[in-house]
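Subject: Structure for you to look at

Hello,

Here is the structure I promised to pass on. Please open it alongside this note; my findings follow below.

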Amino acid sequence: METLYKASKYNIHRNNYVYNLRQRSLLRVNDSLLEALQNNNFENIPSQVMKLLITAGIVVEGIDELKLLEFWLSLKSINTNSLSVAYIPNYSCNFRCTYCYAQSMRDIKREEGENVNMDLLKWIENLFILVEPRVFEITFHGGEPLLSKQEILLLCKSIIELCRSHDVRLKDISFVTNGSLLDRDFVKEILRLEVPCRALVTLDGTEDVHNERRFDIEGKGTFSIVVDNILQAIGLGMSVTVGFNYDRQNYTNIPYFLDFLVDKGFDKKPNFQLIFGAVRKGLNQEDVEHFKKFEMGQEESAKVLMWAYGEAIKRGIKIVEPLGAGLCTFKKPWSFIVDYRGNVFKCVTMAGHEKSKVGSIYDPLEVLVQRSLDYLIPFHWEKYAHCKECVYLPICLGGCFEQALIKKKKFDCRKRYFESLFPYLIDLTVRLYGEHPELIESQKLEHIFGIGQIQNERGRDRL
């Protein structure tokens, strides 16, 4: 029986590169092969080249790719190898950032006696027994989590023992922090635990720009102390990712900020990397003045993102791989966010809001897991024909639940964003892997062709 070959419906073309969004593979091709892919005509393609195309997912053999995508997502829902928990020890913060997504939550005060630490540890242990994961990771979020340093240290020590007793590898301990409390004593205490530790800290520009957006509760600038703490933490051996949150207020400052990083030697730090992200509204922020003035649209945001990463690469600054993003915590069945009251959520930016609560650590675990899965299966995008036929479905999966809720829509369509993003994203990825592989942490794409392997294939099969 003749095999029906066809180009994947999830291919994106950019010049002589083809990127497959389902398989997350990138392949450099010549004009004749590009034409063959566009016309679904593979009669004259050498067998070794066809094998390469099929391996990369760029050509498929008589399969329904939508069903394959659904199958892959279903496997994710039952794959329990990895388990992650983010813990929110408080919703308080010592900053008053102008665009904070948790603005409506930050004045919630933790009452004396509101302590679920022992119950949280028991809940995690029950998850270990139920799920039998190989790997576990814990993140501390807020509010500002480092307002609760001693509690965090005690929890970390207990979690390490818990992982050892259940033969689970603790992948790392991470902190999402504004950086003002990431002092030497705390970093040294964490590093003494001898577990990989990392922190995500935000800097929104050079000193004047950052201080206009991210100031403390007394209105004082925070730039100097945050920079000093980041440099100190890196010097002590902690891995630090600096996040730059951009919008129309500060994006033009990006080149000057990057020059500052180079002047301070960040480009020479092996345990430092940079990530950019567009500022977006959180729940209950419809009337926040900052967004009325400075919020970006999808297309503008995508173009700024690629320009910013290009500027970073130009200066030799290590970045988080732009194409390496996986499923968000909302779409990962075995990822949970827990706050100090024991409430469980699926999205950290929705934490604290009653309507986004999945349940509690005091609920029967099977019930909690079922509620979590109910958000994902059946897949909500299956209801919409334009979602099912969209080339960007494997990375969008119906968009962000939080943004859909904020916009009062059934789903958050990101097509315009991806249409603006991907041509430049492919260019950037080619540049990264071809010219600057040292500027990304690791090769996270399943296939990267175009540097070595494809050249070998071209020589052998005249690709």
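**Helix H4 and its two partners**

Helix H4 (residues 117–131) and helix H5 (residues 149–165) cross at roughly 25 degrees, and their axes come within 11 Å. Angles under 35 degrees count as roughly parallel, so H4 and H5 are roughly parallel to each other. Their crossing is right-handed. On the H4 side, the contact is made by Asn 117, Leu 120, Leu 121, Ile 124, Glu 125 and Phe 128. H5 supplies Glu 151, Leu 155, Ser 158, Ile 159, Leu 162 and Cys 163. By class, the contact of H4 with H5 has eight nonpolar, two polar and two charged residues.

Please keep in mind that this is a predicted model.

H4 also packs against helix H12 (residues 365–374). The axes of H4 and H12 come within 11 Å and cross at roughly 75 degrees. That makes H4 roughly perpendicular to H12. In H4, the residues that meet H12 are Trp 123, Asn 126, Leu 127 and Leu 130. Their counterparts in H12 are Leu 365, Leu 368 and Val 369. The contact of H4 with H12 divides into six nonpolar residues, one polar and no charged.

**Helix H11 and what covers it**

Helix H11 spans residues 298–314, 17 residues in total. From its first C-alpha to its last it reaches 25 Å, close to the 24 Å expected at 1.5 Å a residue.

Which residues of H11 are buried? The list is Ser 301, Ala 302, Val 304, Leu 305, Met 306, Ala 308, Tyr 309, Gly 310, Glu 311, Ala 312 and Ile 313. Their cover includes two strands, S10 (239–246) and S11 (272–278). It also includes two helices, H9 (254–263) and H16 (415–435). Just after H11, Gly 316 has a positive phi of about 75 degrees.

**H9 against H11**

The axes of H9 and H11 are 10 Å apart, and the two helices pack at an angle of about 30 degrees. That makes H9 roughly parallel to H11. The crossing of H9 and H11 is right-handed. H9 brings Ile 254, Pro 255 and Leu 258 to the contact. H11 brings Val 304, Trp 307, Ala 308, Glu 311 and Ala 312. The contact of H9 with H11 has seven nonpolar residues, no polar and one charged. Among the H11 residues in this contact are Val 304, Ala 308, Glu 311 and Ala 312, which are also buried.

**Two single residues**

Where does Asn 271 sit? It is in the loop between H9 and S11. Asn 271 has a relative accessible area of 18%. Buried means under 20%, so Asn 271 is buried. Not counting residues up to four places away in sequence, Asn 271 touches Ile 234, Gly 237, Met 238, Ser 239 and Val 240.

Asp 228 belongs to helix H8 (residues 223–236). Asp 228 is partly exposed, with a relative accessible area of 48%.

Best wishes

Conventions:
Residues are numbered from 1 along each chain as its sequence is written. This is a predicted model: local features need pLDDT of at least 70, side-chain atom pairs count only at pLDDT 80 or more; totals for chains, interfaces and linings use all residues. Side-chain values use heavy atoms; hydrogens and water are left out. Helices (H or I, at least four residues) and strands (E, at least two) are DSSP runs, numbered from the N terminus. The expected span of a helix is 1.5 Å times one less than its number of residues. Buried means under 20% relative accessible area, exposed over 50%, partly exposed in between (1.4 Å probe, protein chains only). Contact means heavy atoms within 4.5 Å. Axes are lines fitted to C-alpha atoms, for helices over the stretch in contact, and angles run from 0 to 180 degrees between N-to-C directions. Angles under 35 degrees count as roughly parallel, over 145 as roughly antiparallel, 65 to 115 as roughly perpendicular and the rest as oblique. A crossing is left-handed if the near helix is turned anticlockwise from the far one by less than a right angle, and right-handed if clockwise. Ala, Val, Leu, Ile, Met, Phe, Trp, Tyr, Cys and Pro count as nonpolar, Asp, Glu, Lys and Arg as charged, and the others, Gly among them, as polar.
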